[in-house]
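Me: I'm new to this one and would like to learn how to read it. Could you show me the structure and take me through a few features?

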Amino acid sequence: MLLTVMTGVVGTAQAGVCDAQFMHDGGAVQLTGTGNLALGADLSFAEVSKSNGDNCRARVQGVARFSYAGLPPGKSKLDYLMTVKNGQATFLKYASAGEAPQPSEGQFDLRMLGLFAYDGKLNAGQKLPGSSFRLKIGKDAPVGGQPSTTVRIGQKTVGQQKPVDTALGKQSCHPITYTRNSDPTMASFQGLTIPIPGMNTTVTDWYCPAVNLVMKQDIDQGGVKSAVEITQIK
């Protein structure tokens, strides 16, 4: 329900997620959501260390905000240690960074924000594998409540580049299309238990190689449109 957003990743043959424009001490990215499903975030990056474009680590802090289908708006503070190895990002709560990462049922994962979904080496017609994960709807997630839900992402298809207006000007971007579905669940807000409907959506990520980012994500839920865009980056 409070799903993903953009992808801050990479783009050229030699670039990797660690070369994203915001991946430096003091780097920041702002994501703004509109429509029926509105997810936004303000993220900052610190303690960045890099080996190369595919291997680095950073502390990621910020606030995620959401609203969905008329439910009470909510927000959650985020503080994670991100480790990227061979272009693949993993996350651990910063307070637990000295411990070995343990699988956590429904632990909120920054990959939900889509910032680290691609390694930049994309071609039109390419197919990318889908995935599924548990999303916790609790104090550590943007929704606020107790249970969790399963989110399923279908196979992704990379399209031909098209011109797109972005916060960094007009860019030539690949549309990457896939389905994203979730199971219905319940969440508690200030002592009230509220049903949260499942989502069946078609998502298009607009990945722009020249700036190594997904600058916009379009979400179609049965004809009801939502979008998430990178509105600021440094």
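This is a predicted model: local features need pLDDT of at least 70, side-chain atom pairs count only at pLDDT 80 or more; totals for chains, interfaces and linings use all residues.

Me: Which residue does Lys216 form a salt bridge with?
Reply: The general idea first: side chains of opposite charge can pair when their charged atoms come close. Here the partner is Asp218, and the closest N and O atoms are 3.8 Å apart. Asp218 is partly exposed too, with a relative accessible area of 26%.

Me: How many salt bridges does a search of the whole structure find?
Reply: It finds six. One of them joins the side chains of Asp79 and Arg59, at 2.7 Å from N to O. That pair links distant parts of the chain, since Asp79 sits in strand 5 and Arg59 in strand 4, 20 residues apart. Arg59 is buried at 18% relative accessibility, while Asp79, at 27%, is partly exposed. Glu47 joins in as well: Glu47, Arg59 and Asp79 make up a network of salt bridges.

Me: What about Asp165 and Lys170: are they buried or exposed?
Reply: Asp165 is exposed, with a relative accessible area of 57%, and Lys170 counts as exposed at 58%. Their side chains meet in a salt bridge of 2.8 Å, N to O.

Me: Now the cysteines. How many disulfides are there?
Reply: A disulfide is a covalent bond between the sulfur atoms of two cysteines. The count here is two. Cys18 pairs with Cys56, with 2.1 Å between their sulfur atoms. Cys18 lies in the loop between strand 1 and strand 2, and Cys56 lies in strand 4, 38 residues apart. Cys18 is buried at 0% relative accessible area, and Cys56 counts as buried at 6%.

Me: And where are the two cysteines of the other pair, Cys173 and Cys208?
Reply: Cys173 is in strand 12 and Cys208 in strand 15, 35 residues apart, so this pair also links distant parts of the chain. Their sulfur atoms are 2.1 Å apart, and both residues are buried.

Me: Which residues have the most contacts inside the largest nonpolar core?
Reply: In soluble globular proteins, nonpolar side chains tend to be buried together. The largest core here has 33 residues, and Phe22, Met23, Phe45 and Met82 have the most contacts inside it. Several elements give two or more residues to this core, including strand 4, strand 5 and strand 16. Strand 3 gives the most, with five residues. There's also a second, separate core of ten residues, which includes Tyr118, Tyr178, Val203 and Val214.

Key. Residues are numbered from 1 along each chain as its sequence is written. Side-chain values use heavy atoms; hydrogens and water are left out. A nonpolar core is a set of buried Ala, Val, Leu, Ile, Met, Phe, Trp, Tyr and Cys residues joined through side-chain atoms within 4.5 Å. Buried means under 20% relative accessible area, exposed over 50%, partly exposed in between (1.4 Å probe, protein chains only). Helices (H or I, at least four residues) and strands (E, at least two) are DSSP runs, numbered from the N terminus. A disulfide is a pair of cysteine sulfur atoms within 2.5 Å. A salt bridge is a side-chain nitrogen of Lys or Arg within 4 Å of a carboxyl oxygen of Asp or Glu.
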